[in-house]
Amino acid sequence: MLLPPPIQLLKINRGDNYPDTGGPSCIEDLLTIIVNGIPRAMQPLTHRRKGAQSLSFTSEYDIQDLLNSQLRPWISDIRTEEFSPSYAGSNTRMDFLLPNHNLVIETKRVRNKSHASKVGDELIIDIEHYRRHQLAYHLWCVIYDPELFISNPEGLVSDLEGSRSLPDGEINVKVVIVGNQNFRPLKKDKAP
């Protein structure tokens with residue numbers, strides 16, 4: 001089945017958290033809007049009307065499905081579960097590869113306090129795998145932490161974000177942590 005091309009980016013009013021810039025003009029702007037909007041996008045699905053069954057977002061797959069549904073109107077080539085090159089005797093699958101943008105999206109859903117302390121280590125391993133992929137120049141790590149189990153989110157972001165470069169590959173890493181409580185949107189970086 002041939003999918004239609006992505007829709008044109010139209011001017012939309014996104015509320016007070018996002019300046020009225022006329023809509024996303026690049027993939028980073030689009031991802032910022034979609035990722036920051038995850039809790040808001042979940043709300044009508046978890047609080048359904050007229051007795052309709054509510055959806056729950058209790059696993060990484062639930063978050064991936066929501067993200068996929070939010071990306072599809074905008075991006076025509078989204079590859080799910082793409083294998084990454086072997087590293088340290090194993091390979092892993094990318095949640096989403098956007099080959100036209102040389103971008104990978106990796107999602108994590110923090111399950112409990114114990115898992116919160118392991119998310120950084122999981123992402124370090126993922127970064128090493130994805131850095132070697134020929135179409136992965138950018139990696140967005142999207143961490144959904146609904147119960148705010150990550151005790152030092154700023155430290156986690158600071159430790160993981162940035163460029164990773166070795167002779168066998170390079171990748172620029174962006175980390176975004178979102179949750180339902182005390183939600184603070186990712187602010188767009190200001191141009192120098």
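1. A residue is termed buried here when its relative accessible area is under 20%. By that criterion, 39% of the 192 residues of the protein chain count as buried. The model is a predicted one, and the points below should be read with that in mind.

2. Overall architecture. The protein chain comprises six helices and six strands. Their order along the sequence follows the pattern α-α-α-β-β-β-α-α-β-α-β-β. Among contacts in the protein chain with a separation of 6 or more, 61% join residues 24 or more positions apart.

3. The largest nonpolar core contains 24 residues, and Ile-38, Leu-67, Leu-71 and Ile-105 have the most contacts inside it. Two or more residues each are given to this core by helices H1 (27-36), H2 (38-46) and H3 (60-71), and by strands S2 (93-98), S3, S4 (138-144) and S6. The largest share comes from H1, with five residues. Apart from this core lies another, of 19 residues, which includes Val-110, Ala-136, Leu-139 and Ile-171.

4. Surroundings of Ile-105. Which residues are in contact with Ile-105 once its neighbours within four places in sequence are left aside? They are Leu-31, Leu-67, Leu-71, Asp-95, Phe-96, Leu-98, Trp-140 and Val-142. Two of these partners, Leu-67 and Leu-71, are listed with Ile-105 itself among the residues with the most contacts inside the largest core.

5. Helix H3. This helix has twelve residues and reaches 16 Å from its first C-alpha to its last, close to the 16 Å expected at 1.5 Å a residue. Its buried residues are Ile-63, Gln-64, Leu-66, Leu-67, Asn-68 and Leu-71. The cover over these buried residues includes H1, H2, strand S1 (79-83), S2, S3 and S4.

6. Helix H2. The buried residues of this helix are Ile-38, Pro-39, Ala-41 and Met-42. They lie on the same side of H2, because the arc they cover around the axis is only 155 degrees. The elements against which the buried residues of H2 pack are H1, H3, S4 and S6.

7. A search of the whole structure finds nine salt bridges. One of them joins Lys-108 and Asp-126, with the closest N and O atoms 3.2 Å apart. This pair links distant parts of the chain: Lys-108 belongs to strand S3 (residues 103-109) and Asp-126 to helix H5 (residues 119-131), 18 residues apart. Both Lys-108 and Asp-126 are buried. The two residues also take part in a network of salt bridges that links Glu-106, Lys-108, Glu-122 and Asp-126.

8. Salt bridges: two further pairs. The side chains of Glu-161 and Lys-174 meet at an N to O distance of 3.8 Å. Here, too, distant parts of the chain are linked: Glu-161 is in the loop between helix H6 (153-160) and strand S5 (162-166), while Lys-174 is in strand S6 (residues 169-178), 13 residues apart. Glu-161 counts as partly exposed because its relative accessibility is 28%, whereas Lys-174, at 18%, counts as buried. The other pair is Asp-77 and Arg-79, whose side chains form a salt bridge at 3.1 Å, N to O. Asp-77 has 22% relative accessibility and so counts as partly exposed; Arg-79, at 34%, also counts as partly exposed.

9. Cysteines. How many disulfides does a search of the whole structure find? The search finds zero. Cys-26 is partly exposed, with a relative accessible area of 31%. Cys-141, in contrast, counts as buried, at 1% relative accessibility.

10. Glu-81 has a positive phi, near 55 degrees, in a residue other than glycine. Glu-81 is located in strand S1 and is partly exposed, its relative accessible area being 29%. Leu-148 likewise is not a glycine and has a positive phi, of about 55 degrees. Leu-148 is placed in the loop between S4 and H6, where its relative accessible area of 37% makes it partly exposed.

Technical notes:
Residues are numbered from 1 along each chain as its sequence is written. This is a predicted model: local features need pLDDT of at least 70, side-chain atom pairs count only at pLDDT 80 or more; totals for chains, interfaces and linings use all residues. Side-chain values use heavy atoms; hydrogens and water are left out. A salt bridge is a side-chain nitrogen of Lys or Arg within 4 Å of a carboxyl oxygen of Asp or Glu. Buried means under 20% relative accessible area, exposed over 50%, partly exposed in between (1.4 Å probe, protein chains only). Helices (H or I, at least four residues) and strands (E, at least two) are DSSP runs, numbered from the N terminus. A nonpolar core is a set of buried Ala, Val, Leu, Ile, Met, Phe, Trp, Tyr and Cys residues joined through side-chain atoms within 4.5 Å. Contact means heavy atoms within 4.5 Å. The expected span of a helix is 1.5 Å times one less than its number of residues. The arc is that of the directions from the helix axis to the C-beta atoms. A disulfide is a pair of cysteine sulfur atoms within 2.5 Å.
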